[in-house]
Amino acid sequence: SLRVQADDAAHHIEAALDHWRRTPPPRLGSLMVSEFIDLANGYGELAPTSGLLLRLGDAGRIVLRPSGTEAKLKVYLELCGSPVTRSELDGERATTRAKLVAVTADVTQRLRL
């Protein structure tokens with residue numbers, strides 16, 4: 001969660017989401033954005049809501065949405081590693097953790113809150 005310290009926090013949060021809508025990132029960290037979904041248009045069975053869903057191929061997804069009760073932008077990052085053997089697990093965890101750090105840095109920089 002990113003707390004916004006401003007009198008017009010809701011405006012700043014929506015402006016950040018609008019920036020992403022106008023210029024969706026082609027990649028975050030080393031991962032390509034394979035799908036960009038504006039949840040304001042609804043999605044599947046979901047009613048329209050303020051938020052964005054970015055799919056990172058089969059590597060994961062990101063959801064950005066304003067908090068309904070606080071001056072916060074909530075960012076959910078989910079990355080998946082590749083299937084590996086038990087002996088390869090530590091290496092795959094390290095690789096996935098490094099991807100998560102890079103994606104988090106790019107998301108944070110783009111939000112500019």
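Modeller: One term before we start: contact means heavy atoms within 4.5 Å. Also keep in mind that this is a predicted model.

Biologist: Fine. How many helices and strands does the protein chain have?
Modeller: The protein chain has two helices and seven strands. From the N terminus on, the order is β-α-β-β-β-β-β-β-α.

Biologist: And what does the C-alpha trace span along its principal axes?
Modeller: About 50 × 30 × 25 Å. Of the 113 residues, 32% count as buried.

Biologist: Let's take the sheet. What is the order of the strands?
Modeller: The order is E1-E7-E6-E5-E4, in an open sheet of five strands with antiparallel pairing. Strand E1 (2-3) and E4 stand at the edges with a single partner strand each, so one side of each has no neighbour in the sheet.

Biologist: How many bridges hold E6 and strand E7 as a pair?
Modeller: Seven bridges, in the antiparallel sense, with E7 covering residues 72-79. Pro66 has Leu73 in E7 as its bridge partner, and Ile62 stands opposite Leu77 in E7. E6 and E7 form a hairpin with five residues between them.

Biologist: What about the other neighbour, strand E5?
Modeller: E5 (residues 52-55) pairs with E6 over four bridges, again in the antiparallel sense. There Leu53 is the bridge partner of Val63 in E6. E5 and E6 also form a hairpin, with four residues between them, and Gly57 in that turn has a positive phi of about 60°.

Biologist: Which side chains of strand E6 are buried?
Modeller: Gly60, Ile62, Leu64 and Pro66 point to one face and are buried.

Biologist: Is Ser67 buried or exposed?
Modeller: Buried: its relative accessibility is 11%, and the cut-off for buried is under 20%. A polar atom of the Ser67 side chain lies 3.2 Å from the backbone nitrogen of Thr69. Not counting residues up to four places away in sequence, Ser67 touches Lys72 and Lys74.

Biologist: Now the helices. Which residues of H1 are buried?
Modeller: Ala9, Ile13, Ala16, Leu17, His19 and Trp20. Seen down the axis of H1, these buried residues fall within an arc of 150°, so they line one face of the helix.

Biologist: Why would residues three or four places apart point the same way?
Modeller: Because an α-helix has 3.6 residues a turn.

Biologist: What is on the other side of H1?
Modeller: Ala10, His11 and Arg22 are exposed there.

Biologist: And what covers the buried residues of H1?
Modeller: The cover includes strand E2 (27-28), strand E4 (35-38), E5, E6, E7 and helix H2 (89-111). H1 lies across E4, E5, E6 and E7, and runs at about 140° to E6.

Biologist: Does the length of H1 make sense to you, or how would one check?
Modeller: At 1.5 Å a residue, the 14 residues of H1 (residues 9-22) should span 20 Å, and the end C-alpha atoms are 20 Å apart, which agrees.

Biologist: Last one, H2. Which residues of H2 are buried?
Modeller: Glu92, Thr96, Val103, Val107 and Leu111. What covers them includes E1, H1, E2, strand E3 (31-32), E6 and E7.

Biologist: Which strands does H2 lie across?
Modeller: H2 lies across E1, E6 and E7, running at about 155° to E7.

Terms used
Residues are numbered from 1 along each chain as its sequence is written. This is a predicted model: local features need pLDDT of at least 70, side-chain atom pairs count only at pLDDT 80 or more; totals for chains, interfaces and linings use all residues. Side-chain values use heavy atoms; hydrogens and water are left out. Buried means under 20% relative accessible area, exposed over 50%, partly exposed in between (1.4 Å probe, protein chains only). Two strands pair if DSSP finds at least two bridges between them. The expected span of a helix is 1.5 Å times one less than its number of residues. The arc is that of the directions from the helix axis to the C-beta atoms. Axes are lines fitted to C-alpha atoms, for helices over the stretch in contact, and angles run from 0 to 180 degrees between N-to-C directions. A polar contact is a pair of N or O atoms within 3.5 Å; within protein, one must be able to donate a hydrogen and the other to accept it, and residues adjacent in sequence count only if both atoms are side-chain atoms.
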